[in-house]
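Please look through the model shown here with the notes beside you, and take the points one at a time.

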Amino acid sequence: MRLSLWMMAASLLYGSAALAAPDAVLLASTAPGYGQGMVITASDRLLVPEGASITLLLRSGQVLRLRGPLETALDRAAAPEREAGSAVALAEALRLRGIDASAIGGTRATLPAARRPVPQEVAVDVQRSGTYCLGAADTVWLQRTQAGPADIALRRRGSLRRLGWPQDLSRIEWPGDVPIEDGDRFEVVVAGRPQSTLTFHALPGGNPADAASIAAGILLGCREQYEVGLRRLARAILPPELWLDGGHGATARRGETIAVEVMANTDGWLYCVTRRSDGMALPVFPAGAIDGARWPGTAPATVALPRRGVAFPAGPAGLERIRCWLADRDISAELPPALLAGQGARLPPALAEDPDRAFQGIGASRVVAAELAVRVE
C-alpha cells in the first residue's frame with residue numbers, strides 16, 4: 001500500500017482539527033437517549049437531566065464530563081480558539097455559564113501498557129459496505145464467508161482489479177499493486193454487479209488503545225474498529241455512576257406501580273431496596289430478574305438502548321425512598337440473603353435501618369449508590 005499521501009492528508013486533517021469546533025465521541029452516560037460511541041457534533045443540543053451525566057471523548061484524546069441539569073451545545077462554550085480541543089479550557093468556559101463541567105485527567109488518556117503504536121491486521125468484509133481506518137504500518141486483509149463467490153473484483157474510479165481468490169480460503173491479503181489513499185472508495189464487484197462499498201481513511205499512529213486514535217477513528221466513521229477500545233477506555237478511566245429517575249414529579253398513588261428508570265455508565269450488577277414511609281424496607285431488585293443482578297448499563301450507539309428500570313407497588317402515603325447499588329462484579333454471594341429475596345419479603349430491622357452497611361467492606365469491587373425519593377399520595 002502507498003502511504004505517503006495518507007500521512008500528508010492525515011496531517012492536514014489533524015492540523016485543521018485543532019482549530020475546528022470540538023466534535024466529540026460519547027464515552028459514557030447516565031442520561032437517557034445517549035449511547036456509547038455516539039458522535040456529538042459541536043452544534044448538537046445536549047440535554048442532561050439533574051443528577052445525570054455524560055462523558056465526552058474529545059478529538060484531542062482528552063475527556064470532558066458534564067453533569068445535569070444542562071441544555072447547551074459545545075460550540076456555545078467560549079473557549080479560546082487556540083484551546084478549542086482542550087477539555088480543561090472547555091470545562092472552564094462551561095463553568096462560567098453555570099454548568100457542572102470537569103476535565104478528567106487533563107491530558108490525553110491512554111490505556112495501560114499500550115502507549116506505542118502497534119501494527120494492526122485490519123479485516124475487511126467484502127460482502128458488506130464499511131468504513132475502515134488504517135495506520136501507516138497496518139496490513140489489510142479481505143475476508144468473506146467460506147462459501148463466497150469466486151468472481152470478485154475491486155473497482156475504483158473506473159479501474160477494475162480482479163482478485164484471484166482460491167475457493168478454499170476465507171481471506172486473502174489486499175493486492176499489493178492496488179494502493180490505498182486517504183478517502184478512497186472501492187466498489188466490490190461480484191459477477192459483474194456491485195455488491196458493497198469499502199471506504200478507507202488514514203489514521204496516524206493507529207494505536208487502538210490511544211484515546212485520540214479511538215476518537216479520530218469513530219469520528220471518521222470507523223465505528224466497528226474502535227467500539228471495543230472505547231469500552232475498555234471507559235472502564236479503565238471512569239468510576240461507575242448510577243442515576244435513578246421516577247418520571248415527572250416522582251409521585252405515585254398508594255397501590256400504584258412505581259416505575260424507576262435506572263441508568264448506569266457501565267455494565268455491572270444491580271441491587272435495589274425501597275424503604276416505605278412506615279419504615280418497612282423491601283428488596284425490589286434482583287428479585288425475580290431473569291439474569292439475576294446483572295445490569296447492562298451500556299450499549300453501542302448503533303443499538304437502540306431500551307429504557308430499563310425496576311417496578312414495584314407503592315406503599316403507604318408519605319415519602320418512599322428507593323436506593324440502588326451498582327457493583328462491578330457479582331457480589332450476590334457476599335450479601336445478606338434477605339437483599340436477594342423475592343418482592344414482598346421484608347428486610348430484618350437492622351438491615352432495613354442501614355442497608356449500606358451490607359455493601360461496605362466487600363473486597364475487590366467498586367460499588368456506587370444512588371437514591372430517589374417518590375411522594376406517595
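How many bridges join S16 to strand S18?

1. Four bridges join S16 to S18, a strand made up of residues 257-264, and the two run antiparallel. Strands here are DSSP runs (E, at least two residues) and helices are likewise DSSP runs (H or I, at least four residues), numbered from the N terminus, while two strands pair if DSSP finds at least two bridges between them. Leu 242 stands opposite Ala 264 in S18.

2. Before going further, please keep in mind that this is a predicted model, in which local features need pLDDT of at least 70 and side-chain atom pairs count only at pLDDT 80 or more, whereas totals for chains, interfaces and linings use all residues. Residues are numbered from 1 along each chain as its sequence is written, and side-chain values use heavy atoms, with hydrogens and water left out.

3. The strands S16, S18 and S22 form, in that order, an open sheet with antiparallel pairing. S16 and S22 (309-313) are the edge strands, since each pairs on one side only. Neighbouring strands of this sheet are turned against each other by 25 degrees on average, direction ignored, where the axes are lines fitted to C-alpha atoms and angles run from 0 to 180 degrees between N-to-C directions.

4. Glu 241 is found in the loop between helix H4 (223-237) and strand S16 (242-245). Glu 241 has a relative accessible area of 10% and is therefore buried, a word that stands for under 20% relative accessible area, with exposed meaning over 50% and partly exposed in between (1.4 Å probe, protein chains only).

5. Leaving aside residues up to four places away in sequence, Glu 241 touches several residues, including Arg 65, Arg 67, Ala 264 and Ser 53, where contact means heavy atoms within 4.5 Å. The side chains of Glu 241 and Ser 53 are also joined by a polar contact of 2.6 Å; such a contact is a pair of N or O atoms within 3.5 Å, and within protein one must be able to donate a hydrogen and the other to accept it, while residues adjacent in sequence count only if both atoms are side-chain atoms.
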